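This briefing is meant for a reader who is meeting the structure below for the first time.

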Amino acid sequence: MLDAMEQLINGLLYGALYALIGGGFSILFGVMRRFNMAYGSTIMAAAYVSLIPFTRFQAPAVVMVLAGVAMAVLVGLLVEFCCFRFIQKGHELAPLMTTIGALIVITEAIIHATDAVGLRYPSPFGEESLEVGRFLIRPDYLAVAVVGLVCFLVIFWIIHRTRLGLAMRAVAERPEAAQILGVNLRTVNTLTFVLTSALAGVIGFFAAVTVGSARPDLGVFATGKGLVVMVLGGLGSLPGAIAGGLLLGIVEFQATWFLGATFRDIVAFLILFAILVFRPSGLLGSRPH
Amino acid sequence: MDYVIAVASIIGIHALLGLSVYVVAICGQMSFGQQGFFALGAYTAGMCTALWGLGFVPALLLGTLVAALFGFVVGFPALRVRGLYLAIATFGFGEIVRLAFLNVRYTRQIGDRVVGPNGAEGFRHVRWVFDGGVTGLQYLGIILLVLAVVAGFFAWLDRSKLGAKFRAVEEDETAAAMVGINVTQVKVLGFTLGGAVAGLSGSLFIHYSTYIDHDMVALPLAIASVTYPILGGLGSFAGPLLGTVLLVSITEGLRALAELREFIYGALIIVMMIFRPRGLIDEALAQRVAGWFRLRRRTEPA
Amino acid sequence: MSAPILRVDRVSRHFGGLRALSDVSLEIPRGSIYALIGPNGSGKTTMFNVVTGGLAPTTGSVTFHGREIGGARTHEIVRLGIGRTFQNIRLFTRMSVFHNVWVAVRAARDGSGRSQGARVMELLELTDLAARRDDLVESLNFGEQRRLEMARALAGEPTLLLLDEPAAGMGGGEKERLARDIRALQARDLTVFLIEHSMDLVMGLAERIAVLHFGEKIAEGSPTEIQTHPRVIEAYLGRARGERAAAGA
């Protein structure tokens, strides 16, 4: 019983990572009404690049994160330029397919550059589990949850308390009306990409830390989890992404505890499938387009 | 020469897979799960010849039929989702099939070998080709014959009213319903046909390679199967054929590129979507070509 | 007096809290030209969508040739004999003119056995598009596209034709031609039910008019009756004019 509770707590904390991934997907979908399938590979690129300051210069974690963020923003802008800017109207599937193409291209590029080898990641939060009450909590999971909370607070602040956020919300609701009122659509789209990419940089670092290495399947992993969280929480809903991410973390850890690690991914897929078939609008979101 | 036969065989098999994505796509559903039907056909047909002693043709038929059945079943929940969600759901289906075969064990001792789907080890020793003394060239002939028949069916479909109904549904479901088209029927039929053709492809494949495992029906095959019609074009059945020929011969022919295969496919998807979203043979081109044939018929002496 | 071809009986359609249609009843006489008018957002297109099966009525019933069709599926309703054009043209742009109509024709009702291709050409000739038969939709101008939509709507041999703002974007001469075409359809035994904003077209063409406002039917009658109806004037032009009209009546 104690162990199950402990799994629950760890699952909840780890779920913060999933919530962040889902959050990044959601924000972009909310503003641009399009799904960026390349987001997972942006996260992956950040994870690998943020290793460089460490291996070369023994840099502290903060510098690593900054490097990751910088790389992610670069990749994100590249994706925006190649995959979103020039799409002809009237082909609804085209943006989806271009970002899938970008996902493949970026992932393969990284795999080839690193010879498909996973690279060991440092654990800046210590190796020992913390004792909180009667439970053993992994310090890196705790760090993820704390950082995740901070990130979400920053995001909420940006969206609800700044002009950019106001513009983003306007574009998310009524793009044409927002344009008429003087919002520069292109600027908002680009800045949204910058914001979500910066988030991806943070996610990349923590995803690699919690797993212990930067792995070639990180892109697919992040994409898969992001999709499940989005579907769980509802497309474009930020609170939904948070709830969905935490829920997925809990469910996965419980599944691992009771059924073993091999079933973890099957469980995620089955949930995905079930929700898509029975409740496509997710737990909290609006009807998908 | 053997190498050419091998590449041609793969082209033939993959062309069928490309056609299976095509037929689902032209009624408006982009399926990332045809590799699942491929696997179902392959495992079923393999079991027919290697475990149950059935002939090759019954094996093909059964493989096609089982896959078609699953296509029919998948077609219904597929109605409820579209676009990205459909892509996810179909890929999810493909993964569920793959993971299922990863865990299935159904083997029998035949002679000195353990034959049958064997979990992570896959399904080996499907030796119908060897036992029957069929050469590589002869099997290529079989593949091309099947492909010709299927392509002929699709050529008919493209020009038939049913094909026009498919395309109407793809373009505008509301307008299609408003001209009396039963959209549900069309979309489920699309999935059923797609499942059948993919299952046929898989049935041919397992006898060609004598072996299949879960790794071969994962994401890379999904990507390839979708890229064929996207590159080749959605305007005509010739599109996926063209796409398969181009992609497979380039990546197989230039060995150095084989490693970069996924990278190339991804880049091609991006480029095609920006510059020519309906592929090389798009509807406009297909209709222009059809126009030439019409003109020639009209000017031919009575 | 023959039975109405279409009967809308106390139909309401809600979207959550929004009442798009409230308790609307209409009877469309067979063989007539019947118009539905009202300010923007009054529920006219919703009414069309309910009749053609895209939406089910929240309450009430719709009967066509005496047969209940409320909530039935669109393609079944179409096969019973209703055709429709759309406000924003919804042609199949990746197909040719010929194919757009061909996909909509069905086996001839009169059992004459004329081939479907011949029937398509008949319709194209009727709408003056025969010369464009192999052209792609995108090469058609606006007027030609509207005519193609009409040809396509007629392909299923409907007995009731729903026209959603057929005069939108048309100049005076084109509207006259449209009115002639609609009367010609009436002469071929079709009942025409149209939504329109163009008052000169409606008043000159329709035999009976119903007026919707915020989802409610506020008036129904002949063109003259509608033009002098206080509530109609109020809906379109504001309360002051409405009251003046009521006082003057």
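Two strands are said to pair if DSSP finds at least two bridges between them. In chain C, strand β4 (residues 59-64) and β5(C) pair in the antiparallel sense over two bridges. The model is a predicted one, and what follows should be read with that in mind.

**Chain A as a whole**

- Chain A contains twelve helices and four strands, and its C-alpha trace spans about 60 × 45 × 35 Å along its principal axes.
- A compact globule with 289 residues would have a radius of gyration near 19 Å, and chain A, which has 19 Å, agrees with that expectation.
- Of the 289 residues of chain A, 51% count as buried.
- When contacts in chain A between residues at least 6 apart in sequence are considered, 76% of them join residues at least 24 apart.

**The largest nonpolar core**

- The largest nonpolar core has 261 residues, and those with the most contacts inside it are A:Leu17, A:Ile43, A:Ala45, A:Ala46, A:Ala47 and A:Ile203.
- Helix α1 (residues 2-32) of chain A gives the largest share of this core, namely 15 residues.
- Leaving aside neighbours within four places in sequence, A:Leu17 is in contact with A:Val144, A:Gly148, A:Ile203, A:Phe206, A:Ala207 and A:Thr210.

**An exposed residue in a loop of chain A**

- A:Asp115 lies in the loop between α5 (93-113) and β1 (119-120) of chain A.
- Is A:Asp115 buried or exposed? A residue counts as exposed if 12 or fewer other C-beta atoms lie within 10 Å of its own, and because A:Asp115 has 7 C-beta neighbours inside 10 Å, this residue counts as exposed.
- A:Asp115 and A:Pro216 are 101 residues apart along the chain, while their C-alpha atoms are separated by 9.1 Å.

**How the chains meet**

- Two pairs of chains are in contact, and of these, chains A and B share the most contacts.
- Chain A and chain C, by contrast, do not touch, and their nearest C-alpha atoms are 11 Å apart.
- Where chains A and B meet, 26 residues of chain B are in contact with 29 residues of chain A.
- On the side of chain B that touches chain A, α4 (83-103), α10 (219-232) and α13 (261-275) of chain B each supply at least two residues, and the largest share, ten residues, comes from α4(B).
- The residues on that side of chain B divide into 20 nonpolar, three polar and three charged.
- The contact between chains B and C takes 23 residues from chain C and 19 residues from chain B.
- On the side of chain C that touches chain B, the elements giving two or more residues are α2 (74-81), α3 (97-102) and α5 (142-155) of chain C, with the largest share, four residues, coming from α2(C).
- The residues on this side of chain C divide into eight nonpolar, eight polar and seven charged.

**The antiparallel sheet of chain C**

- Four strands of chain C form an open sheet in the order β2-β1-β4-β5, and the pairing is antiparallel.
- β2 (18-28) and β5 (67-68) of chain C stand at the edges with a single partner strand each, so one side of each is left without a neighbour in the sheet.
- Within the pairing of β4(C) with β5(C), C:Phe64 stands opposite C:Arg67 in β5(C).

- Strand β8 (residues 191-195) of chain C is mostly covered, since five of its five residues are buried.
- In a regular strand the side chains alternate between the two faces of the sheet.
- Both faces of β8(C) are covered, with C:Thr191, C:Phe193 and C:Ile195 buried on one side and C:Val192 and C:Leu194 buried on the other.
- Strand β3 (residues 33-37) of chain C runs parallel to β8(C) and is joined to it by four bridges, and C:Tyr34 stands opposite C:Phe193 in β8(C).
- Strand β7 (residues 160-164) of chain C also pairs with β8(C) in the parallel sense, over five bridges, and C:Asp164 has C:Ile195 as its bridge partner in β8(C).
- Between β7(C) and β8(C) the chain crosses through helix α6 (residues 172-187) of chain C, and this β-α-β crossover is right-handed.

Key: Residues numbered from 1 in each chain as written. Chains lettered and ligands numbered in written order. Predicted model: local features only at pLDDT ≥ 70, side-chain atom pairs only at ≥ 80, totals over all residues. Core = buried A, V, L, I, M, F, W, Y, C linked by C-beta atoms within 7 Å. Buried ≥ 20, exposed ≤ 12 C-beta atoms within 10 Å, placed from the backbone. Contact = placed C-beta atoms within 7 Å. Nonpolar A, V, L, I, M, F, W, Y, C, P; charged D, E, K, R; others polar. Right-handed = clockwise from strand over helix to strand, strands pointing away. Rg over C-alpha atoms; globule rule 2.2 N^0.38 Å.
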